[in-house]
Structure formats: structure tokens, C-alpha cells
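User: I've got a structure open and I'm new to this. Can we walk through it together?
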Amino acid sequence: MAFNILIVDDSKTIRSILTKTLKMTKLEINQIFEAGNGKEALECLQGNWIDLVLTDLNMPVMTGIELINSMAQDGLLKDLPVIVISTDGSATRIGELKDKGVREYIRKPFTPETVEEIIDKILEVTHDRS
Amino acid sequence: MTDHNCMESLNEVVSKVFEQTAFLFPEPANLADGISFDDLELFLVTITFSGDAEGDVSLILPIEMCRELSSNILGEDAGETEDREKYIDAVKEILNIITGQLLTKLFGHKALFNLSAPQIMELNREEFFSTIEQKDYSCHLIEQYPVITTLTLRTGSYEHTGAGSR
């Protein structure tokens, strides 16, 4: 199965790094979508089938938390897996996000290996690593 | 004035983040050793934070360093075409990561902060010296380029618990 993944971050640099990272993994990817904030992400989610959302928290126009709240209120989006990728290291904030249904939290700076391992876990993908 | 331990923590975080994200290795330097900023086009990037403490963290660096940083982070050769927007985006993200890591190091994992979007401005020679006169700063050489980092913790908002610091 090939996946559609949405990357949400106001930094083009981070979107570019994550896109490269995803392409380096063994994950079967159909399409990678990009959004610069939560509002753009919601527009993308309404028009496309997405299997996984990777989102930052601090963004202009609509933050990652606002995006997660909006998704939680949408019957079609509430069960879509979300991974937060942020600089915020607060255990309190991470706990709040987990309570909102966020599946995993990756702290910047991240390694490609960490991103791949967590995505594999969320999408329940196994690779033959021999 | 910012606590000496805070500046040490800032230096440690700056080194770690530049190494981990861009494979660049900052070396501590002293402005008194004759580092020249005269011919450099300098940028000031600042993030302010509020929450369990208030203040700001800034980077001052030349455009050449921004280009180097962007190339290393993205794993690209420095292009012949200037793409300043891309270079500056990379610097903003580096400062974002530095600020997040520093706040956890200084205040521990339970503290909550809100970070502003990074603000950027060009600095002329007078503005550069005026900026560093007003703030506690540290200087590094990265490749051959000087990079200044500043940290301000607002009076009254800072209660240093030592959590997370050495």
C-alpha cells in the first residue's frame, strides 16, 4: 500500500528536509503534500485522501494545535493519525497533545532514522531490513 | 545581566544544534581578538518567548553564513543563484530549534513557553554595535564567519531553578 502524507510547517526548510527524509525511507509513498499552516492543511485534507499528517505547532494564520482541534471535531478527520514535529520540549504540552489524540511527538532536531521508525510504527509498516 | 550559567547553557545549545542540524562546528571566539565585521552584510534574527519566563534569543550572522547553513541543512551545494529567502528560512529554523532546546535546558521539561515567529532585520555597523552593547552575547566562529548569539531574560520573570542545567 502506498501512502499519501501531508507535511505542515511554515518553514520551507523543514518541509524540504522532511520530504527528503520520507523519500529516503523504505516507506511506499504515493504523494507528499505540503502546507504552510493549519488553514492550508485543512484545505488540503478536504480535497485529498491523506493517510498521515506531520505537523509543526508554532505557525502563523492557524497553529498546529488549532489544526488538531479542528480535525478532532471533523467526523472524517478525527481518526487520521497525526505526528507533531516541534521544537517545544515541554512534557506538559506533549501530554496535552496526546490527550487530544496526537499519536506521536518528534522533537527538532530530528534524525531521519527517528522519523522513519515512528512513521513505520504509526502506519504499522514492517520492512525486510536484511 | 543574564546569569553566567545561562550564557554557558546557550553556548552549549548553539554548538549542539549547529553540529546536529548542519554539521557545522562553532568555535568560541572573542570580539576583542580583532574579528572584523566591517565588510559583512549582517542579519539579526530574534525570537521572543513568554510563559514561565520571558525574554528573547537572537542570532547575528553574515549572509554568507546563512548561505552555508542553508546548504548544509538541505544537503545541497551552495547555488550560484542567490536565494536569500531560502537562506533566511534556514536561519530562522535554526534559531527556533536553539530557543526550544535552550528553554528546556534552563527551565526543565515541565515549563511551558510560547515562542514568537522569528523576526529578521538587516544591521548596519552602528546598529550592530548598538545591539551587542545592550545585550549579553557570546561569539563563535563557524567556518570563517563570526556568529553572535544573545540571550535576554526579563527582570522579574526569571526564577532560575537549575532544572535541566548542569
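User: Which helix gives the largest share of the lining of the largest pocket?
Analyst: H1(A) does, with six residues. Helices here are DSSP runs (H or I, at least four residues) and strands are too (E, at least two), numbered from the N terminus. This is a predicted model, where local features need pLDDT of at least 70, side-chain atom pairs count only at pLDDT 80 or more, and totals for chains, interfaces and linings use all residues. Residues are numbered from 1 along each chain as its sequence is written, chains are lettered from A and ligands numbered from 1 in the order in which they are written, and side-chain values use heavy atoms, with hydrogens and water left out.

User: What volume does that largest pocket have?
Analyst: About 440 Å³. On a 1 Å grid over the protein atoms alone, a pocket is an open set of points where a 1.4 Å probe fits, with protein on both sides within 12 Å along at least five of seven lines; lining residues have an atom within 4 Å of a point. The volume is the space filled by probe spheres set on the points, which are joined across faces, edges and corners.

User: Which residues are closest to its centre?
Analyst: A:Ile17, A:Phe110, B:Gln20, B:Thr21 and B:Ile73, out of 22 lining residues.

User: And what classes make up the lining of the largest pocket?
Analyst: Twelve nonpolar, seven polar and three charged residues. Ala, Val, Leu, Ile, Met, Phe, Trp, Tyr, Cys and Pro count as nonpolar, Asp, Glu, Lys and Arg as charged, and the others, Gly among them, as polar.

User: What about the second largest pocket?
Analyst: Its volume is about 290 Å³. Of its 17 lining residues, A:Asp10, A:Asn58, A:Pro60, B:Ala117 and B:Pro118 are closest to the centre. H3(B) gives the largest share of this lining, six residues.

User: New topic. Is strand E1 of chain A mostly covered or exposed?
Analyst: Mostly covered. Six of the six residues in E1(A), 3–8, are buried. Buried means under 20% relative accessible area, exposed over 50%, partly exposed in between (1.4 Å probe, protein chains only).

User: Which way do the residues of E1(A) point?
Analyst: A:Phe3, A:Ile5 and A:Ile7 point one way, and A:Asn4, A:Leu6 and A:Val8 the other. In a regular strand, side chains alternate between the two faces of the sheet.

User: Which strand does E1(A) join?
Analyst: E2(A), residues 29–35, through six bridges, and the two run parallel. Strands pair if DSSP finds at least two bridges between them. A:Leu6 has A:Phe33 as its bridge partner in E2(A).

User: Last one: how many helices and strands are in chain B?
Analyst: Four helices and seven strands. Of its 166 residues, 51% count as buried.
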